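Let's take a friendly walk through this structure, with a few stops along the way. Please have the sequence and the 3D view open as you read.

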Amino acid sequence: MEEKNYYIDDTVQVGEGTFIGPGCVIKGNTVIGKNCVLDQNCRIEDSIIGDGVKIMSSYILKSEVGDETEVGPFAYMRPGSKVGKNCKVGDFVEVKNAILGDNTKASHLTYIGDADLGRGINLGCGVVFVNYDGTNKHRSTVDDNAFIGCNSNLVSPVHVGEGSYIAAGSTVTEDVEPDSLYIARSRAYVKKNWVAKRGLWKGKYQK
């Protein structure tokens with residue numbers, strides 16, 4: 001069997017049945033539960049990892065991850081983050097000083113900073129919690145079963161009510177009542193032949 005190369009501090013606790021892949025670094029007062037999978041090149045420091053967690057090529061620092069949650073690949077959990085059970089913190093997702101309730105999912109390309117998220121929430125691709133105004137950090141809240149559409153910005157501090165939907169591409173600058181649809185987009189205009197008339201493209205549609 002090929003030799004595995006990883007680093008584990010003697011202060012770390014690892015539950016039975018847990019797999020640790022090559023290139024992993026586990027440090028400090030970290031506790032890892034049973035039957036986890038830590039794929040290659042993970043870094044975990046001073047964190048608590050529940051049972052049955054799968055972590056793929058990700059960093060977790062001074063945070064908590066609940067049972068049966070998936071993290072990564074290439075996710076970054078910064079200090080003060082707490083993710084519940086059966087959650088998804090997917091590829092290129094960053095979580096900072098935030099709470100995610102059970103069954104909440106952020107599958108890819110999302111920043112969750114200084115926020116409190118309830119249960120059963122779905123965050124689409126490219127969602128950003130805009131938590132810094134240039135001087136101070138602000139905190140937002142999203143209640144249970146809300147749906148945040150792709151490429152939306154939540155300009156903190158805002159409160160999204162239970163079961164609400166934020167339409168894709170919206171910038172949220174005010175509180176959203178429960179059971180509501182929030183749409184914040186500019187009207188689109190199409191100007192036909194605009195490119196060709198200006199000679200900006202020499203393709204087959206040039207007139």
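Is Gly-199 buried, partly exposed or exposed? Bear in mind that this is a predicted model. Gly-199 has a relative accessibility of 29%, so it counts as partly exposed. You will find Gly-199 in the segment that follows α1 (194-197). Between Gly-199 and Lys-54 there are 53 Å from C-alpha to C-alpha, and the two are 145 residues apart in sequence.

**The sheet**

Now to the strands. Nine of them make an open sheet with parallel pairing, in the order β2-β5-β8-β11-β14-β17-β20-β23-β26. The edges are held by β2 (13-14) and β26 (159-160); each has a single partner strand, so one side of each lacks a neighbour in the sheet. For a look inside the sheet, take β14 (residues 82-83) and β17 (residues 99-100), which run parallel and are joined by two bridges. Val-83 has Leu-100 as its bridge partner in β17.

**Aromatic pairs**

How many aromatic pairs does the count come to? There are three aromatic pairs, including the two in this table.

| Pair | Arrangement | Centre to centre | Angle between planes |
|---|---|---|---|
| Tyr-59 and Tyr-76 | edge-to-face | 6.4 Å | 85° |
| Phe-74 and Phe-92 | stacked | 5.4 Å | 25° |

Tyr-59 belongs to strand β10 (residues 59-61) and Tyr-76 to strand β13 (residues 76-77), so their pair ties together parts that are 17 residues apart in sequence. Tyr-59 is partly exposed, with a relative accessible area of 42%, and Tyr-76 is also partly exposed, at 33%.

The phenylalanine pair sits in loops: Phe-74 is between β12 (70-71) and β13, while Phe-92 is between β15 (88-91) and β16 (94-96), so this pair ties together parts that are 18 residues apart in sequence. Phe-74 counts as partly exposed, at 47% relative accessibility.

One further ring is worth a stop. Lys-137 lies over the face of Tyr-132, 5.5 Å from the ring centre.

Cys-36 is in no disulfide, and its nearest cysteine sulfur, in Cys-42, is 11 Å away. Cys-36 counts as buried, at 1% relative accessibility. For Cys-150, the closest cysteine sulfur is in Cys-125, at 5.6 Å, which is too far for a bond, because a disulfide needs the two sulfur atoms within 2.5 Å. Cys-150 counts as partly exposed, with 40% relative accessibility.

Methods:
Residues numbered from 1 in each chain as written. Predicted model: local features only at pLDDT ≥ 70, side-chain atom pairs only at ≥ 80, totals over all residues. Heavy atoms only, no water. Pairing = 2+ DSSP bridges. Helix = DSSP H or I, 4+ residues; strand = E, 2+ residues; numbered from the N terminus. Buried < 20%, exposed > 50% of the residue type's maximum accessible area, 1.4 Å probe, protein only. Phe/Tyr/Trp six-rings, centres within 6.5 Å; stacked < 30°, edge-to-face > 60°. Lys NZ or Arg CZ within 6 Å of the ring centre and 35° of its normal.
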